[in-house]
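User: I want to learn how to read aromatic pairs and helix packing in a model. Can you take me through it?

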Amino acid sequence: MAWVTVMCIGVFTKDVHALLLEGHISFDMNPSPSSDIYFLVYPLAQASVFEMIGHSLMFAILTYLLFINVRRLTTAFIIALSFAIMTELLQPFFGRGADAYDIVADLIGISLVVFFCFIEKVLHKSSTSSLDKN
């Protein structure tokens with residue numbers, strides 16, 4: 001739960017750079033955001049690499065923590081992806097845009113953890129299987 005709180009502060013604060021550089025948290029509530037700021041797509045060169053990495057890391061950590069607790073990759077994947085979509089849909093209410101690239105970055109972080117956890121499960125099964133045969 002603590003990680004979700006940290007993520008919400010990072011995702012909903014008005015200025016991520018001010019949060020990270022100065023520890024300044026501010027929210028700019030907008031009860032009726034314009035529909036033209038939902039899932040913006042613009043040239044990839046304009047996307048912030050800093051924010052893409054941040055989103056990937058935040059959602060990778062979330063997915064791993066979910067997997068540790070639920071022990072099912074599919075469940076961890078679905079919950080993490082649902083949270084990613086929900087946060088993007090809510091961001092315009094906090095003065096930020098719902099960025100299509102953020103969803104892609106979230107999905108990259110989620111998918112990497114699911115992939116590595118799947119590989120770990122397969123390797124663990126094969127090593128216990130070979131031990132059982134001996």
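User: Is Phe83 buried or exposed?

Analyst: This is a predicted model. Phe83 has a relative accessible area of 13%, so Phe83 is buried. The cut-off for buried is under 20%. Phe59 is buried too, at 0%.

User: How do I read a pair of aromatic rings?

Analyst: A ring pair is described by the distance of the centres and the angle of the planes. The structure holds four aromatic pairs. In one of them, the ring centres of Phe59 and Phe83 lie 6.1 Å apart, with the planes at 45°, so the pair is tilted. Phe59 sits in helix α3 and Phe83 in helix α4 (residues 73-90), so the pair ties together parts 24 residues apart in sequence.

User: What geometry do Phe115 and Phe116 show?

Analyst: Their pair is edge-to-face, with 5.4 Å centre to centre and 70° between the planes. Phe115 is partly exposed at 46%. Phe116 is exposed at 54%.

User: Which residues do ring pairs link into a cluster?

Analyst: Phe12, Phe27 and Phe94.

User: And how do I read two packed helices?

Analyst: Use the angle between their axes and the distance between the axes. Here, the axes of α1 (residues 2-12) and α3 (residues 49-70) come within 11 Å and cross at roughly 160°. That makes α1 roughly antiparallel to α3. Their crossing is left-handed.

User: Which residues make the contact?

Analyst: From α1, Trp3, Val4, Met7 and Val11; from α3, Met58, Phe59, Ile61, Leu62 and Leu65. The contact residues divide into nine nonpolar, no polar and no charged.

How values were computed. Residues numbered from 1 in each chain as written. Predicted model: local features only at pLDDT ≥ 70, side-chain atom pairs only at ≥ 80, totals over all residues. Heavy atoms only, no water. Axes fitted to C-alpha atoms, helices over the stretch in contact; angles between N-to-C directions. Helix = DSSP H or I, 4+ residues; strand = E, 2+ residues; numbered from the N terminus. Parallel < 35°, antiparallel > 145°, perpendicular 65-115°, else oblique. Left-handed = near helix turned anticlockwise from the far one by under 90°. Contact = heavy atoms within 4.5 Å. Nonpolar A, V, L, I, M, F, W, Y, C, P; charged D, E, K, R; others polar. Phe/Tyr/Trp six-rings, centres within 6.5 Å; stacked < 30°, edge-to-face > 60°. Buried < 20%, exposed > 50% of the residue type's maximum accessible area, 1.4 Å probe, protein only.
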